[in-house]
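Me: I am new to this structure and would like to learn how to read its features. Could you guide me through them, one at a time?

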Amino acid sequence: MLWEHNKMLEIKDLHVKLEEEDKQILKGVNLTVEPGKVHAIMGPNGSGKSTLSYVLSGKGGYEVTGGSASLDGDELLDMEAEERAAAGLFLAFQYPVEIPGVGNMTFLRTAVNAQRKARGEEEMSAGEFLKVIRAKAKTLKIDADMLKRPVNVGFSGGEKKRNEILQMAMLEPKMCILDETDSGLDVDAMKLVSEGVNALRDEGRGFLVITHYQRLLDHIKPDVVHIMADGRIVKTGGPELALEVENNGYADILAEVA
Amino acid sequence: MAQSSKMLQVKQDATEAFLADRAVPTGAAWANDARADALGRLREMGLPHGRDEYWKFTKPDSLVHADAPKAAVFQYDEAPLWADVESLKIVFVDGVFDADASDDFALEGLEIERLADVAGKDIHWVKDLYGVLETRGQDAVQRPLAAVNTALATDGVFIHVTGKVSKPVNLVYLHKSDTSDAILHHCIKLDEGAEMTLLETGPAAARFNKLLEVDVADTAKFNHVRVQGRDHERRAVTGCFARLGSESAFKSFTLTMNGVLTRNECVIELTGDDAIAHVAGACVGDGKDFHHDDTVFITHDAVNCESRQVFKKVLRNGATGVFQGKILVKKDAQKTDGYQISQSLLLDDDSQFLAKPELEIYADDVICSHGSTTGAIDEDAMFYLRSRGVPEAEATDLLVLAFLAEALEEIEDETLAEGILERLEGWLARRAS
Ligand SMILES: Nc1ncnc2c1ncn2[C@@H]1O[C@H](COP(=O)(O)OP(=O)(O)O)[C@@H](O)[C@H]1O
Ligand SMILES: [Mg+2]
């Protein structure tokens, strides 16, 4: 894979508040993910991790009051959500959305072809799509029934997360953000999901893995670990930082940077 | 229900004005009797008025005016619907039978005759059906426009179904004159164990008053799929009056796209045990002139029957949708399973949905549920789709079709359902216009 920059995702001094309320959530986030690297973000509940992932992927309801974010050199924050996706950004949702009435397969094929169309590529034929999705679904232990059912409707917590990874595998993004993909997973499901993610690791692809727990990072080994608190990255280190959090919690680190 | 004598006088005066230039057709004794009876009932109750409770959400003015308001003929730009479905076609142009365009009335398992031919025959099975179910349907609520139909209709088809029919009967309603004021009255009698599918398509006329009386004998099955035409300015008031015997089934689906005014009334009586009645509708409306009304009245008068009403409306650019649906469960109709859902998806703030769901239950061992909702596109679903690269317009289409799915699922035949889906996709694609 070719990439133009050694900065797959570059976030500079990002300030974000809620659109409807006078509440500042991100207070100057700086973060750069290089192609081929896995960065992890840990941090207490409410520190702004999900907000960061939503703002990057273009969800409404937030107002950027300062700073910038770019994907592989392209300014992200001016694009529509679908343009960001076509440019190669993917968010695995903390709470995947249920869409009654839309079949999972239809949903994915529409998404794959919409992105291809946006990039001026040829659309995938029904036959080719079926072949590819069957193979990828199999490795994630997603059966034919789950592909046919409406998107995420009646899926267990683990099934929803595996479905997120399947979407990621089908869309082959340049930059993957995983928001608490480990929450609600048992040990076996965690292994499946991690294997799915690791299979996508590639020298051209960046990862930002948001998690509370070291255990996911045992499977998906990060290159860099950030600690986020109160809307800022307060500490950055290597994988050992995750272990420190696992053993001592956030209190020590937060006290140290306060 | 109390209505002032002054109000009644206003309605009766309007009725006389409406009837002034119209002749009640004459024929054999049974036809004359049925028409005279309907005319008497009509004169007594008067035409509907905007102050009537049953017309609270839908202004009847343009339906009761002596002259039909003009409606431009719409130039179709789509492939014909159900082109690959084999059927027996019966064509009416502005309510007038077109023999050249119609197929021969020959199909195994049924017998078809025209009202125009039969009304002169002294002895005919239809004398026990014509106007009979319509009259029964007036019991709980007055339906003057149905009485108008019985009194004045000069054509329509009478179908006697004796066996399982291999292909649908397809009533095609063409609209070619912008001032046509058409009335058609059809009667269908299904014998025990008989089965048929009736299709109805097309805008029919500038103003169309259509009645369908269906008598479904024990274990018989009646299937009905209808698509009301796209002509933007057409008006229609339709009534379907059905009576169901034991273990019989009645399934009806209607797609409505465009038209300034449509009122579809459906009145069903479940009179035999273990019968099933499903009535469904999908309606997509565009523009502030669009007004669509589904008015349904289902009476459970037997044990262990099931009824299901599924009505979905997608409204944009100021369109109006109406639903009035009632389930009446009589005292001895134990083990009734009644379901009613009416939902609208409003694509903007200018559109509106007015609903009046009603349950009236006199039996104690029944399951009845009803729900009515009005909502916009789900923002979370929208963002989820867009975050996967699906542009907003395409995501809206997907969510609209998803919203309609429960109603579309009521169409049993896959080919017919596909045709309906294509029509809806066409409507969505015309978004920009
Ligand atoms: N749409 C919203 N409305 C109100 N408060 C919000 C909204 N989004 C985020 N917040 C608030 O912003 C803060 C950060 O939330 P979030 O980004 O979900 O944190 P994290 O993912 O780190 O747990 C929390 O205090 C949360 O309550
Ligand atoms: Mg979160």
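Reply: We begin with a term: helices and strands are DSSP runs, numbered from the N terminus. Please keep in mind that this is a predicted model.

Me: What share of residues 9-255 of chain A is helix, and what share is strand?

Reply: That span is 40% helix and 28% strand, and its end C-alpha atoms lie 29 Å apart. An unreviewed UniProt entry annotates residues 9-255 of chain A as "domain: ABC transporter".

Me: Which residues coordinate the magnesium ion (ligand 2)?

Reply: The ion is coordinated by A:Ser50 through OG and by A:Gln94 through OE1, at 2.1 to 2.4 Å. The two residues are 44 apart and link distant parts of the chain: A:Ser50 belongs to helix H1 (residues 49-57), while A:Gln94 sits in the loop between strand E6 (89-92) and strand E7 (99-103).

Me: Why is A:Gln94 classed as buried?

Reply: Buried means under 20% relative accessible area. A:Gln94 is buried because its value is 12%.

Me: How should I read the interface of chain B and chain A?

Reply: The size of an interface is often given as the accessible area lost when the parts come together. Here about 1800 Å² is buried between chain B and chain A, with carbon and sulfur atoms giving 68%. On the side of chain B, B:Phe383, B:Tyr384 and B:Arg388 lose the most area, together 44% of what that side buries.

Me: How many salt bridges are found across this interface?

Reply: There are 3 salt bridges between chain B and chain A. A:Glu164 forms a salt bridge with B:Arg388, where the closest N and O atoms are 2.7 Å apart. Helix H7 of chain B gives the most to the side that touches chain A, with 7 residues.

Terms used:
Residues numbered from 1 in each chain as written. Chains lettered and ligands numbered in written order. Predicted model: local features only at pLDDT ≥ 70, side-chain atom pairs only at ≥ 80, totals over all residues. Heavy atoms only, no water. Donors = N, O, S within 2.8 Å, 3.2 Å for Na, K, Ca; no water. Helix = DSSP H or I, 4+ residues; strand = E, 2+ residues; numbered from the N terminus. Buried < 20%, exposed > 50% of the residue type's maximum accessible area, 1.4 Å probe, protein only. UniProt positions renumbered as here; feature names shortened; annotations may be inferred. Buried area = accessible area lost by both parts, 1.4 Å probe. Salt bridge = Lys/Arg side-chain N within 4 Å of Asp/Glu carboxyl O.
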